[in-house]
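Please look over the sequence and the structure before reading on.

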Amino acid sequence: MSSGRFITLEGGEGAGKTTQVRLLVDRLAARGIAAIATREPGGAPGAEDIRHLLVSGDTARWQPMTEALLHTAARVEHVENLVRPTLATGTWVISDRYVDSTRAYQGSAQGVGAEAVLALHDLALGGLMPDLTLVLDLPVELGLARARSRAGGEDRYERMGAAFHIHLRDAFQAMAKAEPQRCVLVDAAGDVDVVAARLWSILASRFTL
Ligand SMILES: Nc1ncnc2c1ncn2[C@@H]1O[C@H](COP(=O)(O)OP(=O)(O)O)[C@@H](O)[C@H]1O
Ligand SMILES: [Mg+2]
(Lines give C-alpha, C1' and ligand atoms only; values in the text may rest on other atoms or scores of the structure.)
(Ligands and ions follow the chains in the order given, each with its own letter.)
Protein backbone atom coordinates (compact mmCIF):
# COMPACT_ATOMS: atom_id res chain seq x y z
CA MET A 1 0.00 0.00 0.00
CA SER A 2 1.35 3.44 -0.85
CA SER A 3 1.82 6.04 1.85
CA GLY A 4 -0.72 8.79 2.40
CA ARG A 5 0.27 12.37 1.76
CA PHE A 6 1.34 14.58 4.64
CA ILE A 7 0.09 18.14 4.25
CA THR A 8 0.54 20.97 6.75
CA LEU A 9 -1.13 24.36 7.06
CA GLU A 10 0.93 27.14 8.54
CA GLY A 11 0.58 30.84 9.24
CA GLY A 12 -0.09 33.28 12.04
CA GLU A 13 -2.96 33.62 14.48
CA GLY A 14 -6.37 33.85 12.80
CA ALA A 15 -5.08 33.10 9.29
CA GLY A 16 -7.76 30.41 8.92
CA LYS A 17 -5.72 27.22 9.39
CA THR A 18 -8.18 25.37 11.63
CA THR A 19 -11.10 26.32 9.39
CA GLN A 20 -9.34 25.25 6.20
CA VAL A 21 -7.92 21.97 7.54
CA ARG A 22 -11.46 20.75 8.21
CA LEU A 23 -12.68 21.84 4.78
CA LEU A 24 -9.76 20.12 3.06
CA VAL A 25 -10.41 16.83 4.84
CA ASP A 26 -14.10 16.98 3.90
CA ARG A 27 -13.31 17.73 0.29
CA LEU A 28 -10.75 14.92 0.08
CA ALA A 29 -13.30 12.53 1.61
CA ALA A 30 -15.83 13.58 -1.02
CA ARG A 31 -13.25 12.50 -3.62
CA GLY A 32 -12.87 9.14 -1.90
CA ILE A 33 -9.49 10.02 -0.40
CA ALA A 34 -9.24 9.04 3.27
CA ALA A 35 -7.74 11.87 5.30
CA ILE A 36 -7.60 12.93 8.93
CA ALA A 37 -7.42 16.40 10.43
CA THR A 38 -4.97 16.91 13.26
CA ARG A 39 -3.17 19.77 14.97
CA GLU A 40 -0.05 20.94 16.72
CA PRO A 41 0.81 21.34 19.42
CA GLY A 42 -1.37 18.30 20.11
CA GLY A 43 -2.85 15.51 18.03
CA ALA A 44 -2.03 12.73 20.52
CA PRO A 45 -2.89 12.46 24.24
CA GLY A 46 0.54 13.38 25.65
CA ALA A 47 0.92 16.11 23.05
CA GLU A 48 -2.42 17.63 24.06
CA ASP A 49 -1.17 17.71 27.67
CA ILE A 50 1.92 19.60 26.54
CA ARG A 51 -0.26 21.91 24.41
CA HIS A 52 -1.94 23.19 27.55
CA LEU A 53 1.45 24.29 28.92
CA LEU A 54 2.15 26.26 25.75
CA VAL A 55 -1.09 27.97 24.75
CA SER A 56 -2.23 29.33 28.11
CA GLY A 57 -0.77 31.35 30.94
CA ASP A 58 1.75 34.16 31.16
CA THR A 59 3.43 35.08 27.88
CA ALA A 60 6.84 35.00 29.61
CA ARG A 61 6.34 31.71 31.47
CA TRP A 62 9.03 29.80 29.51
CA GLN A 63 12.56 30.34 28.38
CA PRO A 64 12.46 30.31 24.56
CA MET A 65 14.57 27.13 24.43
CA THR A 66 12.24 25.39 26.89
CA GLU A 67 9.37 26.34 24.64
CA ALA A 68 11.15 24.95 21.57
CA LEU A 69 11.82 21.71 23.44
CA LEU A 70 8.20 21.41 24.60
CA HIS A 71 6.94 21.87 21.04
CA THR A 72 9.44 19.30 19.82
CA ALA A 73 8.46 16.84 22.57
CA ALA A 74 4.78 17.26 21.70
CA ARG A 75 5.67 16.70 18.04
CA VAL A 76 7.39 13.38 18.84
CA GLU A 77 4.20 12.13 20.53
CA HIS A 78 2.08 13.34 17.61
CA VAL A 79 4.27 11.99 14.82
CA GLU A 80 5.11 8.61 16.33
CA ASN A 81 1.62 7.87 17.69
CA LEU A 82 -0.54 9.36 14.94
CA VAL A 83 1.15 10.83 11.85
CA ARG A 84 3.49 8.01 10.82
CA PRO A 85 1.05 5.14 11.61
CA THR A 86 -1.74 6.91 9.70
CA LEU A 87 0.37 7.67 6.64
CA ALA A 88 1.51 4.03 6.63
CA THR A 89 -2.09 2.87 6.13
CA GLY A 90 -2.41 5.10 3.04
CA THR A 91 -4.56 7.71 4.77
CA TRP A 92 -3.61 11.35 4.25
CA VAL A 93 -2.77 13.53 7.25
CA ILE A 94 -3.68 17.21 7.20
CA SER A 95 -2.09 19.02 10.13
CA ASP A 96 -2.95 22.43 11.53
CA ARG A 97 0.68 23.57 12.17
CA TYR A 98 3.93 21.56 12.23
CA VAL A 99 7.67 22.25 12.51
CA ASP A 100 7.51 25.45 10.43
CA SER A 101 5.53 27.04 13.26
CA THR A 102 8.32 26.18 15.70
CA ARG A 103 10.86 27.61 13.23
CA ALA A 104 8.86 30.84 12.95
CA TYR A 105 7.68 31.28 16.56
CA GLN A 106 10.55 29.93 18.67
CA GLY A 107 13.31 29.86 16.07
CA SER A 108 12.80 33.29 14.61
CA ALA A 109 10.43 35.47 16.68
CA GLN A 110 11.60 34.15 20.08
CA GLY A 111 15.26 34.02 19.11
CA VAL A 112 16.18 30.34 19.53
CA GLY A 113 17.41 30.27 15.93
CA ALA A 114 15.76 28.52 13.00
CA GLU A 115 18.84 26.27 12.62
CA ALA A 116 18.59 25.14 16.24
CA VAL A 117 14.92 24.23 15.77
CA LEU A 118 15.76 22.18 12.69
CA ALA A 119 18.60 20.47 14.53
CA LEU A 120 16.13 19.46 17.27
CA HIS A 121 13.73 18.24 14.60
CA ASP A 122 16.44 16.10 13.02
CA LEU A 123 17.39 14.61 16.36
CA ALA A 124 13.82 14.01 17.53
CA LEU A 125 12.13 12.86 14.35
CA GLY A 126 14.75 12.25 11.71
CA GLY A 127 13.71 15.55 10.17
CA LEU A 128 10.37 14.26 8.83
CA MET A 129 8.95 16.97 6.54
CA PRO A 130 5.52 17.28 4.91
CA ASP A 131 4.90 16.57 1.22
CA LEU A 132 3.24 19.96 0.95
CA THR A 133 2.97 22.99 3.22
CA LEU A 134 0.33 25.65 2.61
CA VAL A 135 1.38 28.90 4.27
CA LEU A 136 -1.67 31.09 4.87
CA ASP A 137 -0.63 34.71 4.60
CA LEU A 138 -2.70 37.56 6.04
CA PRO A 139 -1.98 41.08 7.32
CA VAL A 140 -1.30 40.81 11.06
CA GLU A 141 -4.13 43.12 12.17
CA LEU A 142 -6.69 41.18 10.15
CA GLY A 143 -5.52 37.85 11.57
CA LEU A 144 -5.54 39.08 15.15
CA ALA A 145 -9.02 40.57 14.69
CA ARG A 146 -10.27 37.21 13.39
CA ALA A 147 -8.54 35.37 16.24
CA ARG A 148 -10.03 37.67 18.88
CA SER A 149 -13.52 36.99 17.55
CA ARG A 150 -13.24 33.30 18.32
CA ALA A 151 -14.00 31.69 21.68
CA GLY A 152 -11.63 29.80 23.98
CA GLY A 153 -8.80 30.71 26.33
CA GLU A 154 -5.89 29.42 24.24
CA ASP A 155 -4.58 32.88 23.56
CA ARG A 156 -1.06 32.95 24.98
CA TYR A 157 0.57 33.55 21.58
CA GLU A 158 -2.12 36.02 20.51
CA ARG A 159 -1.13 38.18 23.49
CA MET A 160 2.51 38.51 22.41
CA GLY A 161 2.21 41.92 20.76
CA ALA A 162 2.12 43.34 17.25
CA ALA A 163 5.90 43.33 16.66
CA PHE A 164 6.03 39.62 17.48
CA HIS A 165 3.29 38.87 14.95
CA ILE A 166 4.87 40.98 12.24
CA HIS A 167 8.10 39.06 12.80
CA LEU A 168 6.18 35.80 12.44
CA ARG A 169 4.59 36.82 9.18
CA ASP A 170 7.99 37.77 7.76
CA ALA A 171 9.45 34.44 8.90
CA PHE A 172 6.66 32.42 7.25
CA GLN A 173 7.00 34.39 4.03
CA ALA A 174 10.76 33.82 4.00
CA MET A 175 10.38 30.07 4.58
CA ALA A 176 7.87 29.75 1.76
CA LYS A 177 10.20 31.63 -0.56
CA ALA A 178 13.22 29.57 0.44
CA GLU A 179 11.48 26.20 -0.03
CA PRO A 180 9.30 26.49 -3.13
CA GLN A 181 9.29 22.72 -3.76
CA ARG A 182 7.47 22.05 -0.50
CA CYS A 183 5.79 25.34 0.41
CA VAL A 184 3.17 27.51 -1.25
CA LEU A 185 2.34 30.96 0.10
CA VAL A 186 -1.43 31.46 -0.12
CA ASP A 187 -3.35 34.73 0.16
CA ALA A 188 -5.63 34.07 3.16
CA ALA A 189 -7.73 37.22 2.72
CA GLY A 190 -11.25 36.86 1.39
CA ASP A 191 -14.19 34.62 2.22
CA VAL A 192 -13.70 31.14 3.62
CA ASP A 193 -14.85 29.53 0.32
CA VAL A 194 -12.54 31.71 -1.74
CA VAL A 195 -9.53 30.67 0.35
CA ALA A 196 -10.67 27.03 0.26
CA ALA A 197 -10.80 27.16 -3.53
CA ARG A 198 -7.25 28.53 -3.64
CA LEU A 199 -6.00 25.69 -1.45
CA TRP A 200 -7.86 23.05 -3.45
CA SER A 201 -6.42 24.24 -6.73
CA ILE A 202 -2.89 23.97 -5.27
CA LEU A 203 -3.59 20.39 -4.16
CA ALA A 204 -5.03 19.55 -7.56
CA SER A 205 -1.89 20.87 -9.25
CA ARG A 206 0.40 18.77 -7.02
CA PHE A 207 -1.45 15.50 -6.52
CA THR A 208 -3.81 13.21 -8.38
CA LEU A 209 -7.17 13.86 -6.73
N1 LIG B 1 -11.61 33.56 5.28
C2 LIG B 1 -12.13 33.97 6.44
N3 LIG B 1 -12.80 35.14 6.52
C4 LIG B 1 -13.32 35.55 7.70
N5 LIG B 1 -13.25 34.88 8.86
C6 LIG B 1 -12.58 33.70 8.84
C7 LIG B 1 -11.98 33.20 7.65
N8 LIG B 1 -11.39 32.02 7.95
C9 LIG B 1 -11.60 31.81 9.25
N10 LIG B 1 -12.32 32.80 9.80
C11 LIG B 1 -12.74 32.95 11.20
O12 LIG B 1 -11.67 33.60 11.85
C13 LIG B 1 -11.40 32.97 13.09
C14 LIG B 1 -9.99 32.38 13.05
O15 LIG B 1 -9.97 31.30 12.10
P16 LIG B 1 -9.17 29.97 12.43
O17 LIG B 1 -9.47 29.00 11.35
O18 LIG B 1 -9.43 29.55 13.82
O19 LIG B 1 -7.66 30.53 12.26
P20 LIG B 1 -6.30 29.91 12.79
O21 LIG B 1 -6.56 28.46 13.07
O22 LIG B 1 -5.35 30.12 11.64
O23 LIG B 1 -5.89 30.70 13.97
C24 LIG B 1 -12.49 31.94 13.30
O25 LIG B 1 -13.50 32.51 14.08
C26 LIG B 1 -12.96 31.64 11.90
O27 LIG B 1 -14.31 31.25 11.88
MG1 LIG C 1 -6.36 27.45 14.82
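The model discussed below is a predicted one.

Q: How many helices and how many strands does the protein chain have?
A: Read along the sequence, the chain follows the pattern β-α-β-α-α-β-α-α-β-α-α-β-α. Counted by type, the elements of the protein chain come to eight helices and five strands.

Q: Why can the protein chain be called as compact as a globular protein of its length?
A: The pattern of elements along the chain is β-α-β-α-α-β-α-α-β-α-α-β-α. For 209 residues the globule rule gives 17 Å, and the chain is as compact as a globular protein of that length because its radius of gyration is close to this, at 16 Å.

Q: What share of the contacts with a separation of 6 or more joins residues 24 or more positions apart?
A: Two residues are in contact if their C-beta atoms, placed from the backbone, lie within 7 Å. Among the contacts in the protein chain with a separation of 6 or more, the share from residues 24 or more positions apart is 79%.

Q: Which helix gives the most residues to the shell around ligand 1?
A: The ligand is surrounded by 16 residues, and the closest are Gly16, Lys17, Thr18, Thr19 and Arg146. At least two residues of the shell come from each of α1 (17–30), α6 (140–148) and α8 (192–206). With three residues, the element that gives the most is α1.

Q: How many residues of the shell around ligand 1 are charged?
A: Asp, Glu, Lys and Arg count as charged. Sorted by class, the shell has four nonpolar and seven polar residues, while the charged residues number five.

Q: Within what arc do the buried residues of α5 fall, seen down its axis?
A: Helix α5, which runs over residues 114–125, reaches 16 Å from its first C-alpha to its last, close to the 16 Å expected at 1.5 Å a residue. Its buried residues are Val117, Leu120 and His121. Seen down the axis of α5, these buried residues line one face of the helix, because they fall within an arc of 100°.

Methods. Residues numbered from 1 in each chain as written. Chains lettered and ligands numbered in written order. Predicted model: local features only at pLDDT ≥ 70, side-chain atom pairs only at ≥ 80, totals over all residues. Near = placed C-beta within 6 Å. Helix = DSSP H or I, 4+ residues; strand = E, 2+ residues; numbered from the N terminus. Rg over C-alpha atoms; globule rule 2.2 N^0.38 Å. Expected span 1.5 Å × (residues − 1). Buried ≥ 20, exposed ≤ 12 C-beta atoms within 10 Å, placed from the backbone. Arc of directions from axis to C-beta.
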